[in-house]
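Here is my note on the model, as numbered points. Please read it with the structure open.

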Amino acid sequence: MNRYFYIDAEGKQKGTFSPEELRQEGIKRDTLVWTQGMEQWKRAEETEDLYFLFSDAYREPLTNVDQPTVRYDRPGRSAETQPLQPMPKTWLVESILFTILPFMLCSSFLSLLGIIGIVYAAQVESFYNRGDYAASLESSRSAAKWTKIAMWIAIGWIALIIIGVVLFFVFIGSLSDLSGMGDLLNT
């Protein structure tokens, strides 16, 4: 028999519970649950082992204590009719690349500002899986902003290095031309 964790109304993880114990905990259809073997958290009604808790034959417990519930759907719309919105772009790969590579190539500590982008990028999927689409979208926007800042810092440093190398060779070339000019003046 599977043992389940669930996220309570305060957003805290609780567990482990058998399906019968979950019934006593008073979980709702939209309560997020997880058990070993599941890839990600799912709503309780989407889990085969727990579907019996929400069938018509099941009645709510008689001890009806007012517990705060967490609703992730919009007011005025039921969770069943709400279309599932696609997960926002995480920006995780981009933020890692534009943080690590410029730091290795240019040794610019400013490119480490991309770490902020990595933190926000890591939050996108977590918020989305909890059903908080607005927070997921905001994390995606912040990750994009900090990733782009790290990208422009990297481009700036690479441009400065290229300009420095070109100016160095121009300077060396001009010095060699000056030595030839001395020979011309002596004749």
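1. Terms first. Buried means under 20% relative accessible area, exposed means over 50%, and partly exposed is in between, with a 1.4 Å probe and protein chains only. On that scale Phe168, at 48% relative accessibility, counts as partly exposed. Phe169 is exposed, with a relative accessible area of 56%. Buried residues make up 26% of the 187 residues in the chain.

2. Provenance. This is a predicted model; local features need pLDDT of at least 70, side-chain atom pairs count only at pLDDT 80 or more, and totals for chains, interfaces and linings use all residues. Residues are numbered from 1 along each chain as its sequence is written, and side-chain values use heavy atoms, with hydrogens and water left out.

3. Layout. The chain has four helices and four strands. Helices (H or I, at least four residues) and strands (E, at least two) are DSSP runs, numbered from the N terminus. Along the sequence the pattern is β-β-α-β-β-α-α-α.

4. Sheet. The four strands make an open sheet in the order E2-E1-E3-E4, with antiparallel pairing. E2 and E4 are the edge strands, each pairing on one side only. Two strands pair if DSSP finds at least two bridges between them. E1 and E2 pair in the antiparallel sense over four bridges. Tyr6 has Lys14 in E2 as its bridge partner, and Ile7 stands opposite Gln13 in E2. The two strands form a hairpin with five residues between them. In the turn, Gly11 has a positive phi of about 85 degrees.

5. Core. Which residues make up the largest nonpolar core? There are eleven: Tyr4, Tyr6, Phe17, Leu22, Ile27, Val33, Met38, Ala44, Leu50, Leu53 and Phe54. The term covers a set of buried Ala, Val, Leu, Ile, Met, Phe, Trp, Tyr and Cys residues joined through side-chain atoms within 4.5 Å. Val33 is worth a look. Leaving aside neighbours within four places in sequence, its contacts (heavy atoms within 4.5 Å) include Tyr4, Tyr6, Ile27, Met38, Ala44 and Leu50. Val33 also touches Phe5, Trp41, Lys42, Arg43 and Thr47.

6. Aromatic pairs. A search of the whole structure finds four. Rings of Phe, Tyr and Trp (its six-membered ring) pair if their centres lie within 6.5 Å; planes under 30 degrees apart count as stacked, over 60 as edge-to-face and the rest as tilted. Tyr6 and Phe17 form a tilted pair, 5.6 Å centre to centre with 50 degrees between the planes. Tyr6 lies in strand E1 (residues 4–7) and Phe17 in strand E2 (residues 13–17), so the pair ties together parts that are eleven residues apart in sequence. Both Tyr6 and Phe17 are buried. Phe168 and Phe169 form an edge-to-face pair, 5.6 Å centre to centre with 70 degrees between the planes.

7. Glu45. Where does Glu45 sit? Its place is in the loop between strand E4 (42–43) and helix H2 (92–106). Glu45 is buried, with a relative accessible area of 16%. Its side chain makes polar contacts with those of Arg29, at 3.2 Å, and Arg43, at 2.3 Å. A polar contact is a pair of N or O atoms within 3.5 Å; within protein, one must be able to donate a hydrogen and the other to accept it, and residues adjacent in sequence count only if both atoms are side-chain atoms.

8. Trp91. This residue is found in the loop between E4 and H2. Trp91 counts as buried because its relative accessibility is 17%. Its phi is near 65 degrees, a positive value in a residue other than glycine. The charged end of Lys89 sits over the Trp91 ring, 4.2 Å from its centre. The criterion is NZ of Lys or CZ of Arg within 6 Å of the ring centre and within 35 degrees of the ring normal.

9. Distances along and across the chain. Val93 is in helix H2 and is exposed at 58% relative accessibility. Val93 and Thr147 are 54 residues apart in sequence and 9.8 Å apart in space, C-alpha to C-alpha. Gln123 lies in helix H3 (residues 114–130) and is partly exposed, with a relative accessible area of 29%. The C-alpha atoms of Gln123 and Ala143, 20 residues apart along the chain, are separated by 9.1 Å. Among contacts between residues at least 6 apart in sequence, 55% join residues at least 24 apart.
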